[in-house]
Amino acid sequence: MEPTSMDNYEYLHEVNTKSVIKLIRLAEPHLEKRKGTIVNVSSVASSKAAPQILYYSMAKAALDHYMRSRTQELARKGIRINNLNPGFIRTNAFAASGMTPAQEEEFLRGMESKIPLGRIGTSEEMAKTIAFLASDDASYVTGVAMTADGGLLQQAL
């Protein structure tokens with residue numbers, strides 16, 4: 001699919017924003033009964049200009065704004081809502097995009113040099129961050145887009 005096509009825009013919006021909103025609406029009555037917690041997975045791309053992934057960035061920015069906009073209403077129902085905004089994480093997304101293993105390694109090595117911690121994050125690290133946001137240890141945390149990116153957003157221009 002052409003990255004700047006409207007079909008790509010609609011697909012990325014459907015997958016990254018609209019589906020999350022639909023799921024939250026379905027789960028909301030159950031979450032209210034249990035005083036539940038919502039943790040969405042967004043992206044640092046929502047906060048940093050990324051013209052090569054414009055529509056993905058827009059969809060994730062919309063998800064961040066949705067979370068912030070729903071915080072007060074959900075809090076009154078006893079539901080916390082937060083987003084995790086990961087940076088570059090080693091996943092199968094690179095292979096799924098058509099990159100060869102060699103291209104993926106070259107890309108990730110290039111990214112490591114831009115990340116202050118000097119490495120790509122792991123899915124396990126993101127799972128631990130989600131578990132924290134969903135836990136009682138974060139019982140006073142709501143309406144937050146928590147960045148876990150090795151310092152990428154704080155990198156000087």
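Is tyrosine 55 buried or exposed, and what is its relative accessible area? Then follow its surroundings into the sheet.

Analyst: Tyrosine 55 is buried, because its relative accessible area is 15%. Buried means under 20% relative accessible area, exposed over 50%, and partly exposed in between (1.4 Å probe, protein chains only).

First, the ground rules. This is a predicted model, where local features need pLDDT of at least 70 and side-chain atom pairs count only at pLDDT 80 or more, while totals for chains, interfaces and linings use all residues. Residues are numbered from 1 along each chain as its sequence is written, and side-chain values use heavy atoms, without hydrogens or water.

Now the rings. The whole structure holds two aromatic pairs. Rings of Phe, Tyr and Trp (its six-membered ring) pair if their centres lie within 6.5 Å; planes under 30 degrees apart are stacked, over 60 edge-to-face, the rest tilted. Tyrosine 55 pairs edge-to-face with tyrosine 9, at 5.3 Å centre to centre and 80° between the planes. This pair joins distant parts of the chain: tyrosine 9 sits in helix H1 (residues 6-34) and tyrosine 55 in helix H2 (residues 54-76), 46 residues apart. Helices (H or I, at least four residues) and strands (E, at least two) are DSSP runs, numbered from the N terminus. Tyrosine 9 counts as partly exposed because its relative accessible area is 25%.

The other pair is phenylalanine 88 with phenylalanine 107, also edge-to-face, at 5.7 Å and 65°. Phenylalanine 88 is in the loop between E2 and helix H3 (93-96) and phenylalanine 107 is in helix H4 (residues 101-112), so this pair ties together parts 19 residues apart in sequence.

Next, the sheet. Three strands form an open sheet, ordered E1-E2-E3, with parallel pairing. Strands pair if DSSP finds at least two bridges between them. E1 (37-41) and E3 (145-148) are the edges; each has a single partner strand, so one side of each lacks a neighbour in the sheet. The twist averages 25° from one strand to the next. H2, the helix of tyrosine 55, packs on this sheet and touches E1, E2 and E3, its direction making about 160° with that of E2. Contact means heavy atoms within 4.5 Å. Axes are lines fitted to C-alpha atoms, for helices over the stretch in contact, and angles run from 0 to 180 degrees between N-to-C directions. Helix H5 (residues 123-134) also lies across E1, E2 and E3, at about 165° to E2.

E1 and E2 pair over five bridges. Isoleucine 38 has isoleucine 81 in E2 as its bridge partner. From E1 the chain crosses through H2 to E2, a right-handed β-α-β crossover. Right-handed means that, with the strands pointing away from the viewer, the path from the first strand over the helix to the second runs clockwise.

E2 itself is mostly covered: seven of its seven residues are buried. Asparagine 85 is in this strand (residues 80-86). Asparagine 85 counts as buried because its relative accessibility is 2%. Its bridge partner in E3 is threonine 147. Its side chain makes a polar contact with the side chain of serine 46 at 3.2 Å. A polar contact is a pair of N or O atoms within 3.5 Å; within protein, one must be able to donate a hydrogen and the other to accept it, and residues adjacent in sequence count only if both atoms are side-chain atoms.
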